[in-house]
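Work through the exercises below with the sequence and the 3D view open. Try each task before reading its solution.

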Amino acid sequence: MIILAIETSCDETAISVVQAEGDLTRPRFKVLAHQVSSQVALHAPFGGVVPNIAKREHLKNLPIVLDQALAEAKLTHEEAVKIIDAIAVTVGPGLEPALWTGIEFAKKLAEEWQKPLIPTNHLEGHIISVLAPNLDTGCPSGHPVSIKFPAVALIISGGHTELVLVKKLGEYERVGSTRDDAVGEAFDKVARLLGLPYPGGASVSKLAKEARDTNLTSDWHLPRPMLHSPDLNFSFSGLKTAVRYGIEKHGTMSELDKQTLAREFEDAVIEVLTAKTLKAIEAYEAKSLIIGGGVIANQTLRDAFTKLTSNFPSPTSPLPLLIPDFKLSTDNATMIAMASYIRYLKNEVIPPDQVLNTTITANGNLALK
Ligand code: KG4
Ligand code: ZN
């Protein structure tokens, strides 16, 4: 079947067209169109995503991105109506004003084209993104990586920090999450304290790398929040506050001070993320590890997880580590199309004649089941 998926949960307006086949044990995907329009530059002056600006921009961008996606799939409007089998849309978690724009747009399209509608969970998208074919090489479907179950998935982005037990495709249990800030949010807040523009995760990690490359040591000592807590939860807001107090106490920060502080911050985050993930892997006897979300762009974090999995449970039988291509780590609609196919296989579809009178709610805290 061919699915057109819409994603507007945060600050990217994204539409993809994906061909899906196979069953729940071996779904296969081919990406016909992958369009993402980022609003990051518009939110930058505010130091974070402003929900009402996101909403306004999604409303403006959705029809444009739809045209771009159809053009990429080489479909005229008439052909699209003929060959597309279903419309999928992210219904949560995310920013509710932003989610609503996608839901309304998807409902209208499903009604106009008389297609079924598949409400989809954004986090299921991040997990299943590891099954996508390579977008650049266009590597055809039929060669998917396989996930060994049960798997543990770590989702780390500006909006999420979640540990999910993936029993099999379509069956999930959230086993840990942040009590306050998301990891990416903590990186962005620390970037701001260091005078760097939003989103600053990559800049903080660049500073940290400079300290590492020159082997700079320092007296900064930041906490490792909840490192030894018996659960699988995280907390990053205290870490950001410790950075703020550290800077206030220190006074004027030289470039070297900034580099060493960035390094200590990154070390603290990585130590907590790897320790809690390992704890989850051990607790649930996971057979593979999935990591999704924009923060996995961080090379030191990638190296830490590569090292962890290559030695666990032993160097001779390392744990498979599945990380999507960067384009699929950050928010996109290809992952939403793929996740919606799982929902389709589980019969969670709204038929065309019921689309308009079915209540579909944008749920900022939608749970993953
Ligand atoms: O998944 P994503 O593109 O957007 C959502 O939040 O949904 O993730 C963006 C987040 C931002 O907070 C950004 O600062 C962070 O990922 N990020 C990084 C790096 N690159 C992006 N954090 C740490 N190190 C990086 N290299
Ligand atoms: Zn996301």
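**Exercise 1.** Find how far a backbone N or O atom of Gly 294 lies from an oxygen atom of ligand 1.

*Solution.* Step one: the distance is 2.9 Å. That is a polar contact (a pair of N or O atoms within 3.5 Å). Step two: turn to Asp 331, where a polar side-chain atom lies 2.9 Å from an oxygen atom of the ligand. Step three: a backbone N or O atom of Gly 159 lies 3.4 Å from a ligand oxygen.

This is a predicted model, in which local features need pLDDT of at least 70 and side-chain atom pairs count only at pLDDT 80 or more, while totals for chains, interfaces and linings use all residues. Residues are numbered from 1 along each chain as its sequence is written, chains are lettered from A and ligands numbered from 1 in the order written, and side-chain values use heavy atoms, with hydrogens and water left out.

**Exercise 2.** Describe the shell around ligand 1.

*Solution.* Count first: 17 residues surround the ligand, each with a heavy atom within 4 Å of it. Gly 158, Asp 188 and Asn 298 are among the closest. Next, sort them: 5 are nonpolar, 10 polar and 2 charged. Gly counts as polar here.

**Exercise 3.** Which residues touch the most other members of the largest nonpolar core?

*Solution.* The core has 46 residues, and the answer is Phe 265 and Leu 273. Its members are buried (under 20% relative accessible area, 1.4 Å probe, protein chains only) and joined through side-chain atoms within 4.5 Å. Now check the elements: α9 gives the most, with 10 residues.

How values were computed:
Buried means under 20% relative accessible area, exposed over 50%, partly exposed in between (1.4 Å probe, protein chains only). Helices (H or I, at least four residues) and strands (E, at least two) are DSSP runs, numbered from the N terminus. A residue is near a molecule or strand if one of its heavy atoms lies within 4 Å of it. A polar contact is a pair of N or O atoms within 3.5 Å; within protein, one must be able to donate a hydrogen and the other to accept it, and residues adjacent in sequence count only if both atoms are side-chain atoms.
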